[in-house]
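Okay, thanks everyone. Let me put the structure up, and then I'll walk you through a couple of helices and a pocket.

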Amino acid sequence: MRPMHAGPSPDAPGLQPERTRLAWSRTALGMLANAALLSVREIGAAGLTAAVVPAALAVLIALVTVLVGRRRAALLRRSPFPARVAPALAVPVVGWSVVALVVVTGIVLI
């Protein structure tokens, strides 16, 4: 019987790096879409107002998300597979940044 192991083998890393990269890319794309919608709404309405702040925040979150996603995908492509792969800081930071963006956007648009 073949022994089971937790991580992918270096010979066949599977699709985990690709799925990770795509998930982080989708999050970044969502943030960029938010920034674009806020920018178009404000520029089309009355020029630049306080809604530029959440648009800039959304762009910043998107850039951080892209950088974290690239780092995570590179980590999962390593050979030998690292013992610790759980994102201890990245997911909470991006998650709380998105929550902050929602709050700031709500405050500015009210």
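Predicted model: local features only at pLDDT ≥ 70, side-chain atom pairs only at ≥ 80, totals over all residues.

Now, the inside of H2. Its buried residues include Ile-61, Val-68, Leu-75 and Leu-76, and Arg-72 is among them too. Why does Arg-72 count as buried? Because its relative accessibility is 9%, and the cut-off for buried is under 20%. Leaving out residues up to four places away in sequence, Arg-72 touches Thr-20, Trp-24, Val-85, Ala-86 and Pro-87.

That takes us to the largest pocket, with a volume of about 170 Å³. Arg-72 is part of its lining, together with Arg-71, Leu-75, Arg-78, Arg-84 and the run Ala-86, Pro-87, Ala-88, Leu-89 and Ala-90. By class, that lining is 6 nonpolar and 4 charged residues, with no polar ones. H2 gives the most to it, with 3 residues.

Last stop, helix H3, residues 90-109. Its 20 residues should span 28 Å, and the end C-alpha atoms are 28 Å apart, so that one agrees as well. Buried here are Ala-90, Val-94, Leu-101 and Thr-105. They cover an arc of only 40° around the axis, which puts them on the same side of H3. And the face turned away from that buried side? What exposed residues does it carry? Those are Trp-96, Val-102 and Ile-107.

How values were computed. Residues numbered from 1 in each chain as written. Heavy atoms only, no water. 1 Å grid on protein atoms, 1.4 Å probe; cavity = no way out; pocket = protein on both sides within 12 Å on 5 of 7 lines; lining within 4 Å. Points joined across faces, edges and corners; volume = space filled by probe spheres on them. Helix = DSSP H or I, 4+ residues; strand = E, 2+ residues; numbered from the N terminus. Nonpolar A, V, L, I, M, F, W, Y, C, P; charged D, E, K, R; others polar. Buried < 20%, exposed > 50% of the residue type's maximum accessible area, 1.4 Å probe, protein only. Contact = heavy atoms within 4.5 Å. Expected span 1.5 Å × (residues − 1). Arc of directions from axis to C-beta.
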